[in-house]
Amino acid sequence: MSKALLYDSTVCIGCKQCEQACAGQNKLPYDDAIAAEEIQSAHKMTVVLTRGEKFMRRLCMNCNDPSCASVCPVGALQKTALGPVTYDASKCMGCRYCMVACPFSVPKYEWGKLVPKVQKCTMCPDRVAQGKPTACAEICPTGATKFGERDELIAEARKRLRDNPSNYVDHIYGLEEVGGTSVLLLSAVPFETFGYRSNLSKDPMPMLTYRVLSHIPDFVPLGGMVLGGIWWITHRREEVALAEAPKPAVDNKNKNGRKA
Amino acid sequence: MTFRSTTARATSFKFTFWKLVFLFLMAAGLYATFVRFTQGLGASTHLSDQFPWGIWVSFDVLCGVMLAAGGFTLTAAVHILNIKRLHSIIRPTILTAFLGYILVSAALMFDLGKPYNIWHPLIMRNPHSVMFEVAYCVMLYTTVLALEFSPIVLERFNLQKPLKVVRAILIPLVICGVILSTLHQSSLGTLYLIVPEKLYPLWYTPLLPVFFFLSAIAVGLAMTIFESSLSSKHFGLQLELPVLQELGRVLVVVLGVYAILRFEDLANRGVLKLALQPGYEMYLFWLEISLCIILPLALLLQPRVRSSANGLYFAAVLVVLGFITNRMNVSITGFEGSTGVRYFPKWTELAVTGMIIAAGFALFGLAVKYLPIFPKEELMQEPAMENERALPDVSPVMEHAGD
């Protein structure tokens with residue numbers, strides 16, 4: 001059902017045509033200077049990293065259960081059923097919690113602009129909705145970036161690992177990380193080499209905060225009742241004390257007078 | 001009355017040291033504001049893609065909300081627990097809280113990339129977002145504080161009818177305030193639960209919401225002691241020493257519970273050894289622990305210190321500084337390792353923060369001057385010195401802001 005990208009770094013030749021296609025698709029500038037930048041930024045949503053003779057793409061993982069969409073107070077970031085995690089700049093108020101929360105540190109900010117946006121790869125949602133592959137997968141000359149059904153791509157990745165175990169690190173990055181992502185990676189060298197975290201949980205991150213947040217609907221009436229109860233007791237105690245206080249001082253007559 | 005106002009006018013022409021500091025902070029802050037809104041966040045901050053939250057979040061928002069926690073702590077003690085002895089200090093405390101939240105909202109306008117969209121959470125809801133919950137609670141609680149504060153203004157202008165209405169709904173209002181505060185004080189800790197892989201283990205814990213809430217109570221009490229002591233010095237009020245002693249006793253208990261939970265949590269998660277592993281994080285961890293736990297507890301556990309005005313004041317300042325360090329550590333120090341970036345605020349960030357603190361002190365002084373904040377007969381000295389009071393603690397706070 002849901003679409004995904006499979007990037008196999010052993011097939012990649014580092015031509016960076018994916019970077020250029022991505023820039024074109026997202027109407028961002030692209031030239032030799034930008035091609036040489038090895039870091040994702042507000043004007044470069046995907047980047048091909050080079051370590052010796054090995055390449056690795058970095059792009060938004062488009063998580064199945066994304067932290068960014070979960071933390072966004074205004075729902076500017078959304079996970080779509082087809083796979084892409086989209087961003088609506090008109091809703092965004094610029095709190096940048098998505099940037100803090102993203103386990104892959106993907107969202108970038110237009111720091112230099114007066115009306116800044118968050119920028120990240122959104123997996124070409126318009127193209128995907130029309131049944132077309134993402135711009136990066138379409139242009140890839142070697143098939144290193146492949147677009148397709150997530151399930152089929154997982155089967156494909158497993159097959160590659162099985163057929164050529166010596167070519168790969170035995171891991172499909174994105175299969176289980178943070179509950180699975182719509183971008184799946186295969187590599188010949190450990191993923192940490194390219195800055196991919198190896199300490200990520202297999203559970204979706206949003207549960208960490210939702211586990212706490214989900215108690216609020218119970219907490220509010222309960223808290224109200226407890227506080228109201230304490231108020232009632234402490235003030236009742238005071239009334240009783242007031243009513244009983246004059247007893248030893250004067251006669252019993254005063255007791256009733258006080259009450260009124 | 002006339003005598004008082006003439007002397008006030010006469011003294012107000014003198015440029016004292018603190019007035020100059022105040023003017024300097026306001027001027028620097030206004031210039032920084034100009035830079036922020038004409039050139040954007042990039043030019044006015046040291047924030048980056050690796051480090052998207054700086055002191056405008058850490059100090060102005062996280063610490064700001066924490067420092068305003070006296071409001072809910074004291075209203076709960078006086079109106080819910082019915083501790084009448086504390087009644088005399090409730091107005092300045094509510095004033096501090098109300099100003100605190102106004103200033104936090106003002107600071108947010110600097111930090112948000114598109115501040116004019118600040119109202120979006122009202123209609124674009126995402127109940128899975130902690131930030132959404134914090135936004136709602138802060139909005140609602142600021143409204144509650146405005147209502148809790150309103151009798152002071154209504155009394156001043158002798159508006160009996162609305163006064164009656166507010167008094168009639170006071171208890172439900174206080175209950176709402178306590179619930180909303182509990183929610184968002186703890187939620188500021190919950191914000192960081194989603195980054196277990198980024199936040200240093202000395203600070204990342206599933207108990208963050210509990211710690212943020214407990215420390216808010218501690219700081220609420222400490223701030224009340226701090227601000228009562230300062231007010232008595234600078235407005236010539238009679239110090240409510242027995243009241244402060246009582247707050248000091250409660251503070252010991254809260255700090256004790258916090259200390260036990262904090263270290264038990266470190267031990268349970270098996271990261272206690274990190275506290276002994278020399279390095280940047282270790283030093284700041286022990287600075288935090290000494291300021292917010294070890295020193296104040298060592299002081300307050302001695303009855304002699306706990307019963308003296310100066311002892312209480314000093315311990316309260318330590319607690320406030322300690323938990324400011326804590327918030328800075330959670331939101332800045334704890335991220336520097338994983339992001340590989342050392343963040344230090346730009347002068348513009350410090351200038352805006354300084355301006356906001358200075359504005360807070362000045363507004364407090366003005367409110368005391370023109371509104372019935374303290375019981376009338378207690379105002380023995382003329383209150384024209386408000387700017388002076390402004391600033392004794394700006395410098396320590398400012399030093400800290402750069403943490």
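Me: What should be known about numbering and confidence before reading the model?

Reply: Residues are numbered from 1 along each chain as its sequence is written, and chains are lettered from A and ligands numbered from 1 in the order in which they are written. Since the model is predicted, local features need pLDDT of at least 70 and side-chain atom pairs count only at pLDDT 80 or more, while totals for chains, interfaces and linings use all residues.

Me: Where in chain A is confidence lowest, and where highest?

Reply: pLDDT is the predictor's confidence in each residue, from 0 to 100. Where it is low, the predicted coordinates should not be read in detail. Chain A averages 90, and 94% of its residues score at least 70. The lowest mean, 45, belongs to helix α11(A) (residues 253-259), and the highest, 96, to β6(A). Helices (H or I, at least four residues) and strands (E, at least two) are DSSP runs, numbered from the N terminus. Over residues 253-260 of chain A the pLDDT is below 50, and this stretch has 8 contacts beyond near neighbours in sequence. A contact means C-beta atoms, placed from the backbone, within 7 Å.

Me: Is chain A spread out or compact?

Reply: The radius of gyration is taken over C-alpha atoms, and the globule rule is 2.2 Å times the number of residues to the power 0.38. Chain A has 11 helices and 9 strands. Its radius of gyration is 29 Å, well over the 18 Å that the rule gives for 260 residues, so chain A is more spread out than a compact globule. Its C-alpha atoms fill a box of roughly 105 × 45 × 35 Å along the principal axes.

Me: Which element of chain A gives the largest share of the side that touches chain B?

Reply: The contact takes 48 residues from chain A and 39 residues from chain B. On the chain A side, α9(A) gives the largest share, 11 residues.

Me: Is Glu244(A) buried or exposed?

Reply: A residue is buried if 20 or more other C-beta atoms, placed from the backbone, lie within 10 Å of its own, exposed if 12 or fewer, and partly exposed in between. Glu244(A) lies in α9(A) (residues 216-244). With 11 other C-beta atoms within 10 Å, Glu244(A) is exposed.

Me: Which residues of α11(B) are buried?

Reply: In an α-helix, with 3.6 residues a turn, residues three or four places apart point the same way. In α11(B), the buried residues include Leu244(B), Leu247(B), Leu251(B), Leu255(B) and Tyr258(B). Their cover includes α10, α12, α13 and α14 of chain B.

Technical notes. Contact = placed C-beta atoms within 7 Å.
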